[in-house]
Amino acid sequence: MKPKLKLRFNWRNIDPIFLMTLLALTAYGLVMVFSASAPSAFYIHKDSMFFFKNQSIWAIVGLVVMFVVSGIDYRIIKKFAPFIYAFSMLMLLAVLLFGTTINGAKRWLDLGFSTIQPSEFAKITVVMMSAWVLSKVNKIDVKESIPHLIITAAIVGIAGILLLLQPHFSAVLIMVLTVGIMMLAAGIPMRIFSVLAALAVAAGTVFAIIEPYRMQRLVSFIDPFKDKMGDGWQVVQSLYAIGSGGFSGLGLGRSRQKFLYIPEPQNDFIFSIICEELGFLGALAVLLLFGILLYRAVRIALKAPDRYSMILTFGLISLTIVQVLLNIGVATSSVPPTGIPLPFFSAGGTSFVFQMISMGMILNISGQQKVEDVPHI
Amino acid sequence: MKKNSMLKTKKRILWLSGILLVCFAFFVVRISIIQFVDGEWLSKEAIEQQTRDRMINAKRGTIYDRNGKQLAVSADVETVSISPITVRSDGDPVTCAEKLSEILGLEKESIMEKIQMNTSYVLIKRKVEKEQADAIRAAELTGVYLDADTKRYYPYNNIASHIIGFTGADNQGLLGIEQVYDNVLKGQYGRIVTARNADGTEMPYKYDRYYTPEDGSDITLTIDVSIQHFLEKHLEQALTDLQLGNGAAGIIMDVKTGEILAMATKPDFNLNEPFEITDISVKRSIDAMTDAEEKSKATNAFLNKLWRNKAVIDNYEPGSTFKIITSAMALEENVVSLQDGFTCTGSYKVANETIGCWKHAGHGTLDLTGALMNSCNPAFMQIGARIGQTTFYNYYKGFGFTEKTGIELYGETHGQFYPEGSFNEVELATASFGQGPTVTPLQMITAISAVANDGKLLKPHLIKNITDSSGTVIQSFDTTEVRQVVSAQTSQIMRGLMEAVVSEGTGNKAQLEGFRIGGKTGTSEKLPRGSQKYVASFAGIAPANDPQVAILLLLDEPPVGNHMGGTIASPLAAKILDDVLRYLDIEPELPGDQMSEGDAQVPAVSGMELSEARQVISQNGLRCVVEGNGNVVTAQVPNPGVVIARNGTVIVYTGDARPSNSVEVPNVVGKSFEEAKSILETAKFQFHAVGIENTTQNAIAQSQSVAAGEFATIGSEITVQFSYQNQTQPE
């Protein structure tokens with residue numbers, strides 16, 4: 001017999017610190033997009049506000065979407081999860097058929113008024129679906145959990161294959177890492193997890209070998225200064241930027257590396273510009289805000305009303321944090337270079353809106369309160 | 001069961017969050033390392049790529065002679081460079097290349113090639129004159145930059161080339177004072193630092209820093225350009241007239257201060273073109289070489305030899321000039337008195353070796369004065385023996401021959417002598433008359449000056465003072481006394497002896513009417529003995545009673561047969577001192593009647609009535625020869641101001657008569673003094689006799705400066721060399 005819980009969403013119950021933290025991150029991100037993008041916006045579009053204006057619109061859209069999503073009961077979304085997942089996979093398929101190719105990769109769908117990146121959508125739907133399946137793993141029993149694991153693997157696998165065809169390796173990496181964390185959270189025995197992890201690493205190695213440019217990136221990661229005019233360029237420029245910052249930075253807006261040295265400084269390498277302009281303090285502020293976000297989300301997860309919302313909350317925050325860690329890892333030359341945006345900071349409409357959707361879902365979960373007077377059976 | 005799995009999930013979430021937090025901590029550390037440990041070099045490299053650093057050369061200081069005449073000056077020029085990326089993106093490559101090639105005279109294709117380069121800075125041309133730079137500015141070419149630079153000019157070209165030195169492309173001193181005092185002259189360069197983006201164009205906001213250049217200091221030399229000119233003029237003449245095999249060197253020094261008034265090495269070079277090979281035969285043979293390496297080797301070897309300052313670098317055996325030093329030692333040590341007699345039988349036996357005198361018949365008995373006047377080797381061997389090895393060596397050292405003088409030039413050497421206490425009697429004997437020890441010309445003149453200057457050995461120097469760009473004296477160089485070598489009394493005697501050598505002895509060709517010159521000639525054979533290569537030299541002082549200047553001349557490898565210091569170095573010294581002493585306004589001292597051939601200056605008589613001209617000319621102690629039948633003087637030879645021998649002829653032209661340029665020179669060789677004089681004066685030449693001692697009797701003309709049958713300008717001076725019949729000329 002399942003216990004009957006009466007839950008009610010209440011705006012007054014949502015986690016205020018989590019909300020304030022993500023608002024702070026949004027504001028910080030907008031300021032940095034403006035600062036970082038001004039020179040390239042000026043050089044390319046002859047308008048230093050170009051990217052900033054665009055991002056501001058998306059920020060407003062994202063905030064509105066977040067508030068809307070936070071008001072929708074997560075259980076309603078759960079019901080539609082398979083359909084939403086299926087829809088996102090169709091969109092990935094559509095990308096392969098009708099997508100726009102930029103720099104040799106087909107990742108974008110042109111909607112006429114804007115281009116969107118369905119991979120951002122897929123990241124969330126994969127997390128939602130995985131949380132749904134993993135929440136069914138009730139027993140800490142190897143045999144019983146195997147079917148769930150196979151289903152989860154299939155959920156990631158379908159999305160992964162579609163993404164690899166674009167190709168969009170970094171998105172697959174993020175998904176695999178996030179779902180891996182979710183599996184562990186769901187209580188998967190370590191033995192099975194080790195086997196899966198080994199398989200993932202083996203697959204990753206194969207991919208690195210069959211695509212020579214990935215291998216090259218790995219090599220350049222070991223010593224980026226060896227070929228600083230070629231493969232090492234981006235990372236070297238990023239290190240120059242971080243190194244120039246010192247304790248308190250060159251001052252907001254005073255980055256020199258954003259002047260065409262770092263390509264698209266408002267995107268994947270925005271963290272380096274933060275380090276250059278605001279120094280160690282600025283970088284610490286970014287890490288601190290994400291740390292608070294993680295802490296509050298974990299708190300929400302631990303208080304979550306059911307296993308699904310618990311795993312979903314932790315899965316969504318893991319998705320964010322994994323991207324943060326990988327992005328900073330690339331900027332600081334701690335992991336091999338790969339194109340991963342910094343959530344809340346990197347310019348880009350789709351990623352921001354979907355980031356806000358996931359934050360909205362967490363907010364909704366935080367607002368779910370057990371009603372006191374429901375009798376326990 | 002559900003509760004159980006919820007609990008497990010919560011636990012898992014907690015430790016997974018822990019892992020994520022550890023990752024955060026890792027990045028805090030990682031960023032700290034990048035910013036605080038590697039930050040310094042990373043930001044340095046970043047700034048390097050972000051900035052365009054342009055140097056502004058400081059103005060190099062001027063080098064002046066002692067009277068403020070500019071010997072080396074810097075003028076503003078500009079350096080032209082381009083930013084190829086900017087030219088291609090924002091400018092017009094074709095126009096740019098065309099304009100630059102037109103203004104700068106460069107090949108259009110090579111500029112075009114530079115524009116295609118993938119960089120943000122390419123040098124086009126250095127040291128561009130202001131006019132051309134202005135033309136480039138006027139053309140308003142995008143991506144073309146002009147930076148200030150300076151260029152060195154040497155207004156006197158070849159004068160004092162070895163002393164002044166020159167600078168290279170980066171304005172760095174490469175020789176002489178320019179090199180030695182490079183740090184003083186060059187100042188501190190300034191910089192303009194401009195921010196630039198990855199494309200090489202300048203950033204839209206200010207990141208400019210300007211560091212002001214600090215101009216170099218000026219240097220005033222002790223050199224007097226006029227004296228330098230006199231020295232060089234005569235040395236140059238000697239170089240070609242005598243066909244010297246290995247060049248010549250000369251130094252004139254202020255006896256009382258140690259200041260070098262002139263120092264020259266021949267052949268020399270033009271400071272404005274120091275790398276140019278002007279010697280046609282050398283140039284031809286180098287041009288004929290096909291191997292590039294061989295060619296550059298030969299060029300370098302030639303230039304390095306040309307740039308070598310013989311006056312401070314060359315070691316030579318001083319020969320008889322050293323007898324002055326030996327005499328001073330002997331007098332100072334009281335081992336010889338002026339009354340002591342020395343016997344010369346034509347040779348002298350030391351230990352088991354017999355060493356001859358230049359006069360095989362022997363000089364008979366001579367006192368010290370006679371020994372020096374006649375440059376008698378046996379007498380000096382005896383004097384040397386009296387001085388003794390240890391004392392001799394101590395004086396050799398005392399006169400400064402064992403150490404560099406410390407003059408402000410690179411490459412200076414010092415004399416070589418047998419090691420202290422390890423030379424034998426024979427070596428002492430030869431050293432006494434200047435064979436064995438070596439000296440540099442600078443050391444020799446310094447030692448002679450010490451002998452003349454009350455025994456005070458002064459440090460020779462080339463720099464009077466250093467002033468900063470505002471004219472304030474930063475450093476001045478005064479007279480430095482190294483040590484007292486001999487007493488003032490000895491010095492006084494020596495001055496008399498040196499004068500005697502010139503007035504009556506072997507140095508007589510250095511005689512100068514009206515002035516008291518002291519000195520000694522020397523001839524030494526280069527090693528190995530028997531090489532038939534000689535060095536002829538003259539070391540002297542003037543005026544002998546109150547020395548102002550010392551002079552040292554070194555003629556390297558004169559042709560055999562005309563290699564004696566007495567015949568070639570002494571007359572040269574006389575000519576130079578003549579110019580120098582007059583220039584220095586040193587009053588002639590000897591009474592006029594002793595001037596058998598005193599000089600006179602030719603007055604200006606053109607435009608005068610003939611009678612008036614005659615009167616003026618005779619008043620100047622000259623004779624007048626009239627050409628033409630007019631009443632008014634229309635022209636004259638020689639020109640006004642020219643100094644000729646007293647009783648010389650001034651030809652005045654009247655009416656239609658015009659000076660014809662040249663006439664045939666008659667032969668006077670073999671003639672007596674009177675005959676030669678009359679023949680040359682009749683032919684309208686100035687007669688100049690050399691080699692005449694006290695009397696003209698028995699003097700026979702040996703040679704004449706312009707050979708018979710050749711043509712020479714009317715009124716020009718023909719020098720006739722006389723010698724006495726039945727008597728060998730002493731060395």
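I started with an open sheet of five strands in chain B, ordered E10-E9-E21-E20-E19, with antiparallel pairing. Its edge strands are E10 (260-266) and E19 (518-525) of chain B, each pairing on one side only. From one strand to the next, the twist averages 5°.

My terms: strands (E, at least two residues) and helices (H or I, at least four) are DSSP runs numbered from the N terminus, and two strands pair if DSSP finds at least two bridges between them. Angles run from 0 to 180 degrees between N-to-C directions, with axes as lines fitted to C-alpha atoms, for helices over the stretch in contact. Contact is C-beta atoms, placed from the backbone, within 7 Å.

This is a predicted model, where local features need pLDDT of at least 70 and side-chain atom pairs count only at pLDDT 80 or more, while totals for chains, interfaces and linings use all residues. Residues are numbered from 1 along each chain as its sequence is written, with chains lettered from A and ligands numbered from 1 in the order written.

Next I looked at E9 (248-254) and E21 (549-556) of chain B, which run antiparallel and are joined by seven bridges. B:Ile251 has B:Leu552 in E21(B) as its bridge partner. Helix H19 (441-452) of chain B lies across E9, E20 and E21 of chain B, at about 150° to E21(B).

Then I checked an open three-stranded sheet, E23-E26-E24 of chain B, with mixed pairing. Its neighbouring strands are turned by 30° against each other on average, direction ignored. E24(B) and E26(B) pair antiparallel over four bridges.

Conventions:
Two residues are in contact if their C-beta atoms, placed from the backbone, lie within 7 Å.
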